[in-house]
Amino acid sequence: MATVASVSLLSEAEFGCEHLASVLMQDGVVNNQFKTSFIKTHNSLGRRDASSKTASSGLLKPRYTCVTCSEPFMNGDRRIHTEKTGHQFYMESRSRALFCQGCEDLVYDHGLERSRSSTPESSLEVAKRRRFSDSSADELYVKSNANKRPCAKQGVRGLFNLGQTCYLNVILQTMLHDPILNTYFLGNGHQPHDCTINDCIGCAVAEAFADFNTIDKPEGFAALNLLLASWRASPALAGYQQQDAHEYYQFLVDKLHASAEGHREGHGKGCHCFFHRTFYGKLRSSVTCDKCGNVTKTEDPIVDLSLDVQAKKRVMGGGGSGHSTAPTLSGCLESFTSPEKLMADVYNCDGCGGTPQKATKQLQIKKLPAILCMQLKRFEHTFAVSEKLEGRIDFPLSINMLPYTTNPDTAVDKSRYIYDLSSAVVHKGKLEAGHYYVYCRQGEEWMLFNDDQVTPVTEAEVLGVDAYLLFYNLRCLSTASP
């Protein structure tokens with residue numbers, strides 16, 4: 001009899017989550033009972049949807065039907081039922097997706113999804129969509145002479161949750177909706193058939209771009225190869241535990257850089273590969289001795305800016321309007337680049353013979369990347385406690401990054417520093433048990449991607465969210481700053 005603890009890492013990859021694996025890897029009776037209950041629940045929800053043309057406002061929220069006993073529950077009652085009965089798998093009413101209470105997340109299992117498609121109801125739908133027989137001359141004529149409309153892909157495909165993989169889904173959706181990365185991966189960028197790197201992250205991401213842009217598949221898809229490649233590349237990511245989306249973004253950028261042909265490992269060696277020019281910037285740290293005025297400068301590569309959102313450390317209101325009391329992204333950037341006093345015990349001045357001196361430190365951006373990620377630091381870890389900092393930070397659709405750079409020339413062409421918002425990642429829930437979803441710009445519209453659920457939203461909705469990660473794109477690539 002399989003248990004959660006006995007399920008191996010690679011075996012888990014075959015199932016939606018470790019809890020589901022512990023059920024489906026048991027003997028035939030338990031396994032078959034669960035699959036039978038799964039299909040029964042799936043079909044009953046389908047009949048209920050077909051017979052309900054209208055719904056009261058109270059039914060607009062999703063309901064969760066227990067796969068074991070078929071009792072329906074609202075979101076808050078689900079946990080109580082699991083604690084009382086031990087039943088931990090539910091089917092969500094709107095999409096009929098499987099929910100694991102043990103993971104507190106939607107999960108996706110390929111085997112169970114195949115059993116859905118083998119139901120009489122699904123077979124009937126396939127038959128209805130079919131217009132020609134296999135031997136039809138008309139079908140052969142259409143196949144030989146018709147071209148698929150290249151603009152048919154609308155870019156609104158969701159990603160199935162493979163077991164608490166929402167952290168991966170939001171970062172991948174951000175990349176899938178980035179025009180720079182689309183040009184690279186759908187053009188002559190990374191070519192998997194020429195790559196010799198084992199478990200290459202670049203190949204897995206290229207495959208995801210190809211799957212996402214498959215014209216004849218508008219439904220969601222699973223980035224399984226990217227997940228497995230990530231597990232093999234990083235033991236810290238392996239398994240179905242919660243992960244931080246920001247850390248996964250840093251990991252993914254690093255691995256994409258390593259997959260680029262002709263890349264250089266040392267950032268100080270002047271790497272000119274596509275990913276380095278796209279994702280990496282430079283941050284300058286200047287320390288000025290308060291006594292002799294000696295200035296020590298160091299420069300380090302960056303793939304993002306981590307901005308403090310604590311009220312006691314940030315500039316409130318930003319922008320200099322004087323009327324708003326809400327914290328802003330501009331205020332966080334001003335705080336990040338403002339001079340900071342250093343005590344004598346942390347700085348030894350070379351100009352003063354290496355003796356400890358008080359000094360002033362300032363961070364400024366030396367080089368901006370084409371894709372700028374800004375993390376609003378909501379997770380605080382100290383020796384005594386770890387907590388999540390709640391609260392909305394106002395951020396704009398477009399931002400001028402010139403004031404936060406080392407360029408002192410205010411008369412410079414500002415178009416070289418204007419960035420437009422492309423994605424906003426949100427974390428909901430507690431520090432140890434939460435869920436990620438992302439808002440992405442699709443053309444002139446905005447879409448909410450919550451795993452495989454895709455919803456159109458307004459700009460006002462996007463600007464009103466409690467963002468954790470913000471992604472901005474340089475408006476004019478031809479005028480990128482040096």
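Author: A residue counts as buried when its relative accessible area is under 20%, as exposed when that area is over 50%, and as partly exposed in between. Phe336, at 18% relative accessibility, is therefore buried. The model is a predicted one.

First, the setting. The chain holds 15 helices and 21 strands. Of its 482 residues, 46% count as buried. Among contacts between residues at least 6 apart in sequence, 63% join residues at least 24 apart.

Helix 8 covers residues 166–176. How many of the residues of helix 8 are buried? The count is 11 of the 11, so helix 8 is largely enclosed by the rest of the structure. The buried residues of helix 8 include Cys166, Asn169, Gln173 and Thr174. Tyr167, Leu168, Val170, Ile171, Leu172, Met175 and Leu176 of helix 8 are buried as well.

The loop between helix 7 (137–145) and helix 8 contains Gln164. Most residues other than glycine have a negative phi. Gln164 has a positive phi, near 55°, and is not a glycine. With 11% relative accessibility, Gln164 is under the 20% cut-off and so counts as buried.

Two helices that touch helix 8 can be described in turn. One is helix 12, residues 245–259. The axes of helix 8 and helix 12 come within 9 Å and cross at roughly 55°. Helix 8 is therefore oblique to helix 12. The crossing of helix 8 with helix 12 is right-handed. On the side of helix 8, Tyr167, Leu168, Val170, Ile171 and Met175 make the contact. On the side of helix 12, the residues are Ala245, Tyr248, Tyr249, Leu252, Val253 and Leu256. Sorted by class, this contact of helix 8 with helix 12 has 11 nonpolar residues, no polar ones and no charged ones.

The other is helix 10 (201–212). Its axis and that of helix 8 come within 11 Å and cross at roughly 70°. An angle of 65 to 115 degrees counts as roughly perpendicular, so helix 8 and helix 10 are placed in that class. Helix 8 and helix 10 also make a right-handed crossing. Helix 8 contributes Leu172, Gln173, Met175 and Leu176 to this contact, and helix 10 contributes Ala208, Phe209 and Phe212. By class, the contact of helix 8 with helix 10 has six nonpolar residues, one polar residue and no charged residue. Met175 is listed in the contact with helix 12 and in the contact with helix 10.

The loop between helix 9 (179–185) and helix 10 holds another residue with a positive phi, Asp199. The phi of Asp199 is about 50°, although Asp199 is not a glycine. Is Asp199 buried, partly exposed or exposed? It is partly exposed, with a relative accessible area of 40%.

Now back to Phe336, which is found in helix 14 (residues 329–337). Leaving out residues up to four places away in sequence, Phe336 touches Leu283, Leu305, Ser306, Leu307 and Leu363. Phe336 and Leu307 are 29 residues apart in sequence, and 6.5 Å separates their C-alpha atoms.

Leu283, one of the residues touched by Phe336, stands opposite Asp300 in strand 7. Strand 7 runs antiparallel to strand 6 (residues 281–289), and eight bridges join the two. These strands belong to an open sheet of four strands, in the order 7-6-12-9, with antiparallel pairing. Strand 7 (295–302) and strand 9 (340–342) are at the edges; each has a single partner strand, so one side of each is left without a neighbour in the sheet. On average, neighbouring strands of this sheet are turned by 30° against each other, direction ignored.

Strand 19 (residues 445–450) pairs with strand 20 (residues 453–457) in the antiparallel sense over five bridges. Trp446 has Val457 in strand 20 as its bridge partner. Two residues lie between strand 19 and strand 20, and Asp451 in the turn has a positive phi of about 55°.

Methods: Residues numbered from 1 in each chain as written. Predicted model: local features only at pLDDT ≥ 70, side-chain atom pairs only at ≥ 80, totals over all residues. Heavy atoms only, no water. Axes fitted to C-alpha atoms, helices over the stretch in contact; angles between N-to-C directions. Parallel < 35°, antiparallel > 145°, perpendicular 65-115°, else oblique. Left-handed = near helix turned anticlockwise from the far one by under 90°. Contact = heavy atoms within 4.5 Å. Nonpolar A, V, L, I, M, F, W, Y, C, P; charged D, E, K, R; others polar. Buried < 20%, exposed > 50% of the residue type's maximum accessible area, 1.4 Å probe, protein only. Pairing = 2+ DSSP bridges.
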